[in-house]
Amino acid sequence: MNTRAGRHFLQIPGPTNVPDRVLHAIAKATIDHRGPDFAPLGREVLEGARAVFQTLGAVVIYPSSGTGGWEAALVNTLSPGDRVLAFDTGEFARLWADVARRLGLTVDIVDGDWRHGPDPAAVESRLAADKEHAIKAVLVVHNETSTGVTSRIPLIRQAIDRARHPALFLVDAVSSLASIDLRHDEWGIDVTITGSQKGLMLPPGLALHAISARALQAMQSARLPRAYWSWEPMLAANESGFFPYTPSTNLLYGLRESLRMIAEEGLANVFARHARLGEAARRAVSAWGLELCAGRPDEYSNTVTTVMLPAGYDADALRALIFDRFNMSLGTGLGRLKGRAFRLGHLGDFNELMLAGMLCGVEMGLSMAAVPFTRGGVDAALQFLETASSVPAIQRA
């Protein structure tokens, strides 16, 4: 189709839909980032970010993608040749491990099937066997965007503690923060990394860290080269609401607005909304007779559902058909899932009717592409959403 009426449905698991309130905020005139009007903005976004990370500790904000956030977490806490423990649980876990390797770290990879998060028992076993404490950090992706698997972070923290191992705990929360419950302080995470383009409802361009006291202590002896990514000048400037170099001022306007929106809804309500929509999406997939990539219910993601197609059917051809016919973008299969799976994004500024529209487009696309499936996925999702809502019945007049 050469022309497409209506609004584009962006149903990839990030970047997500940017709400109008945030777009309007970003459109404000840029101000002097060294002037007195900037400091209140800087202080408000840093304090609001602490609430979303569920931390009382340090938070930093970089003009960067989440990939920069990965590098920053590593160079501020580790030294050349340090050993880190990583888990091949999906494409983003693999890429983060590759960043660590290219920085000169020694990476121990635990193989995975891309259908499960790290096994807490395996974490404990690996660390307990490391009698010399050569492993300096454990890298875990909280919500693997490629597979729709959410790792059991509290259980992994408990496994580290049972092993009595001092390794730092570094967690990628790019597709989970502000969507799936994550408690930086309570769960004993040392560095939590996220990006602006998913649950925070912004365009790409910001990476954020929550940093524990242990991580700040590790920074004092870390010897990997760092300049742009260094925490020290960032934290020093942040004390007065400023940044050590030019920040993304207009994205910070947007962040201030998105943090206000999250606070207005309430973080617990944000998590409950994502859980409700994620379950509805999974019920649709089940009713279609298709298979989830995620292998166990307690690791199902509430922000992205990765759907496997039957052997012999091309997921990218299905995505192309749906895009051309219904003006809707679905997430592609990544890495070893390329061509075998597509991804449904249901996070950020997202509600029941948006989910229903997405599922309608998928169901029509499956039929048009002659993929073997059973109709009724949309109905299954809608029936769940009706019963899951707490809206009182309308009284008959």
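Reader: How many aromatic pairs does a search of the whole structure find?
Author: This is a predicted model, in which local features need pLDDT of at least 70, side-chain atom pairs count only at pLDDT 80 or more, and totals for chains, interfaces and linings use all residues. Residues are numbered from 1 along each chain as its sequence is written, and side-chain values use heavy atoms, without hydrogens and water. Rings of Phe, Tyr and Trp (its six-membered ring) pair if their centres lie within 6.5 Å; planes under 30 degrees apart count as stacked, over 60 as edge-to-face and the rest as tilted. By this criterion, the number of aromatic pairs found is six.

Reader: Is the pair of Phe-38 and Phe-242 stacked or edge-to-face?
Author: The ring centres of Phe-38 and Phe-242 are 6.1 Å apart. Their planes meet at 20°, so the pair is stacked.

Reader: How many residues apart in sequence are the parts that Phe-38 and Phe-242 tie together?
Author: Helices are DSSP runs (H or I, at least four residues), numbered from the N terminus. Phe-38 belongs to helix α2 (residues 38-53), whereas Phe-242 lies in the loop between α8 (231-238) and α9 (249-265). The pair therefore ties together parts whose separation in sequence is 204 residues.

Reader: Over the ring of which residue does the charged end of Lys-28 sit?
Author: A charge sits over a ring if NZ of Lys or CZ of Arg is within 6 Å of the ring centre and within 35 degrees of the ring normal. The charged end of Lys-28 is 5.5 Å from the centre of the ring of Tyr-253.

Technical notes
Helices (H or I, at least four residues) and strands (E, at least two) are DSSP runs, numbered from the N terminus.
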